[in-house]
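Reader: I'm new to this one and I'd like to know what the labels really rest on. Could you show it to me and let me ask?

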Amino acid sequence: MRRLVLRPGGIGDTILSFPAIAHLSPTEVWLRGEMKPLWPGSASLLEKGVDRILDQAPPELFADFDEIHSWYGAKRDDFRAAVDAVHPRVFWYEALPPANAGVHAADFFAAQVGARLPAVPSIAVEPRRNRVVWIHPFSGSARKNWPLGNFELLARYLEAAGRSVQFLRAPHQSFPGAQLFEDLAVLAEYLAGGALYIGNDCGITHLAAAVGAKTLALFETTDPAIWAPRGENVRVLERPSVEQVLAEALGEIEA
């Protein structure tokens, strides 16, 4: 059985879908381009031309597959109709859990395909050993972010306690001294080998959790019952003070 999986979405949403995707045992997985390093052998949705399908899908695009499982096109009736017209076995899934779903997002995605619950994303990497406290002070929405000044103050306290601190940023973000990793797999290796990771409800926080890094996830407005990163080494703090995060960080580093 040759299965194709289409999974658009940001880093966090996609990582939370990994248990569901793995359950499908896909022949090929097409993801957003930046996600390719995290799923070996995957392809880019953009490079495949999936985003350019409007009212007619080219039959040859999907001819090699017996089944298509798609989180792409959840809100696009035109896309669904175009693919359904050229392939007899297409399974459509909602790309995000509804606000009233009442379940964790990873479990929502896993339940769609009949995978085992609870679903815990896991990404195998070879850690690059370091003693750095990695901090990512951004996310896809400013309202989700712990105040930037709090991150800066936390970093000063950690450095005063003799800890090495390194801020992270994405290509579209700017922060003095922050490090940019173009390849998410390389970043994953550093996070897995670091002393601790601290970040908001964002994709990099889910990445840190999935590779087994000690992770402090700071939640301001979103619901951790739905969006908390999952993993044995994850601690979630809701609307914490700098002092609370500092105490948790030092405790995790020294544990």
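Reader: What makes you say that the charged end of Arg-7 sits over the ring of Phe-109?

Author: A charge sits over a ring if NZ of Lys or CZ of Arg is within 6 Å of the ring centre and within 35 degrees of the ring normal. Arg-7 has its charged end 4.9 Å from the centre of the Phe-109 ring. A word on the source: this is a predicted model, where local features need pLDDT of at least 70 and side-chain atom pairs count only at pLDDT 80 or more, while totals for chains, interfaces and linings use all residues. Residues are numbered from 1 along each chain as its sequence is written, and side-chain values use heavy atoms, with hydrogens and water left out.

Reader: Why is the aromatic pair of Phe-167 and Phe-175 called tilted?

Author: Rings of Phe, Tyr and Trp (its six-membered ring) pair if their centres lie within 6.5 Å; planes under 30 degrees apart count as stacked, over 60 as edge-to-face and the rest as tilted. Here the centres are 4.6 Å apart and the planes make 40°, so "tilted" is the word.

Reader: And why does Phe-167 count as buried?

Author: Buried means under 20% relative accessible area, exposed over 50%, partly exposed in between (1.4 Å probe, protein chains only). Phe-167 comes in at 10%, so it's buried. Phe-175 is at 11%, so that one is buried too.

Reader: How do you know that Arg-128 forms a salt bridge with Glu-189?

Author: The rule wants a side-chain nitrogen of Lys or Arg within 4 Å of a carboxyl oxygen of Asp or Glu. For Arg-128 and Glu-189, the closest N and O atoms are 2.6 Å apart, so the pair passes. Arg-128 sits in the loop between H4 and strand E6 (132–136) and Glu-189 in helix H6 (residues 184–193), so the bridge ties together parts 61 residues apart in sequence. Helices (H or I, at least four residues) and strands (E, at least two) are DSSP runs, numbered from the N terminus.

Reader: Is Glu-189 buried or exposed?

Author: Buried, because its relative accessible area is 19%. Arg-128, at 34%, counts as partly exposed.
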